[in-house]
Amino acid sequence: LFAAMIKKNKITGTSSLWTAHSNEVNSSGVSSSSGNRNGVRWYEVGNLTTTPTLIQSGTLFDPASTNPVGYWFGSVAANGQGHMFLGCSSAGAASHAQISISGHLNDDAPGVTDAPVVAQTSSTSYNVQTSGTQRWGDYSQLTVDPNNDQDVWAFQEYCNATNSWMVRAIKLMAPPPAAVTSASPASV
């Protein structure tokens with residue numbers, strides 16, 4: 001598991017643990033040693049003061065039958081509104097090592113993972129190793145902005161030049177809180 005955090009949802013008043021990890025998945029997003037793509041699986045775990053239980057989980061993956069994008073080194077953060085943000089590295093046959101962002105809004109159905117957005121593209125290759133799998137650093141962190149408990153800062157790795165990588169800081173802005181439609185009493 002990568003970069004776990006405990007967060008109190010200010011709407012429900014409950015605390016939960018959020019974390020993620022990368023794994024090999026098939027075209028349906030199911031973990032499989034015969035899968036042909038990488039996905040990022042995220043978890044929300046509750047009942048932290050008694051017996052922890054899984055509240056929900058989801059997987060960011062590409063269901064494409066050919067040239068799927070792989071997602072790896074994902075990390076998550078939940079804000080005070082209960083929205084979850086996910087950041088990771090991604091690449092495929094048609095894309096270089098870039099940064100992808102996804103998430104789960106508090107009113108989404110349990111386990112739903114929003115479609116990913118490429119937050120930082122790359123036009124260069126990373127092939128430092130002369131044989132075998134290319135080593136990619138473990139740089140992925142999301143943290144909630146302490147000034148408003150809504151926005152999230154993502155720190156993600158991408159290929160910035162041939163055989164070079166960089167970490168980029170990206171501000172992810174949460175949707176604004178719901179507008180007040182009525183109040184009781186109407187005035188003070």
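Okay, let's start with D149, which is buried, with a relative accessible area of 12%. By buried I mean under 20% relative accessible area, with exposed being over 50% and partly exposed in between, using a 1.4 Å probe and protein chains only. Before I go on: this is a predicted model, where local features need pLDDT of at least 70, side-chain atom pairs count only at pLDDT 80 or more, and totals for chains, interfaces and linings use all residues. Residues are numbered from 1 along each chain as its sequence is written, and side-chain values use heavy atoms, with hydrogens and water left out.

So where is D149? You'll find D149 in the loop between β9 and β10. The strands here are DSSP runs of E, at least two residues, and helices are runs of H or I, at least four, numbered from the N terminus. The backbone at D149 has a positive phi of about 55°, although D149 is not a glycine. As a reminder, most residues other than glycine have a negative phi.

Now the charges. Side chains of opposite charge can pair when their charged atoms come close. I'm calling it a salt bridge when a side-chain nitrogen of Lys or Arg is within 4 Å of a carboxyl oxygen of Asp or Glu. Searching the whole structure turns up three of them.

One is K7 with D149, at 2.4 Å from N to O. K7 sits in strand β1 (residues 2-8) and D149 in the loop between β9 (140-144) and β10 (152-161), so this pair ties together parts 142 residues apart in sequence. Both K7 and D149 are buried.

D149 also pairs with K10, and there the closest N and O atoms are 2.9 Å apart. K10 is in the loop between β1 and β2 (15-25), 139 residues away from D149. Is K10 buried or exposed? K10 counts as exposed, because its relative accessibility is 61%. Put together, K7, K10 and D149 are linked in a network of salt bridges.

Next pair: D151 and K171, with closest N and O atoms 3.8 Å apart. D151 is in the loop between β9 and β10, K171 is in strand β11 (residues 164-172), and they are 20 residues apart. D151 is buried at 8% relative accessible area, while K171 is partly exposed at 40%.

N163 belongs to the loop between β10 and β11, and it is partly exposed, with a relative accessible area of 38%.
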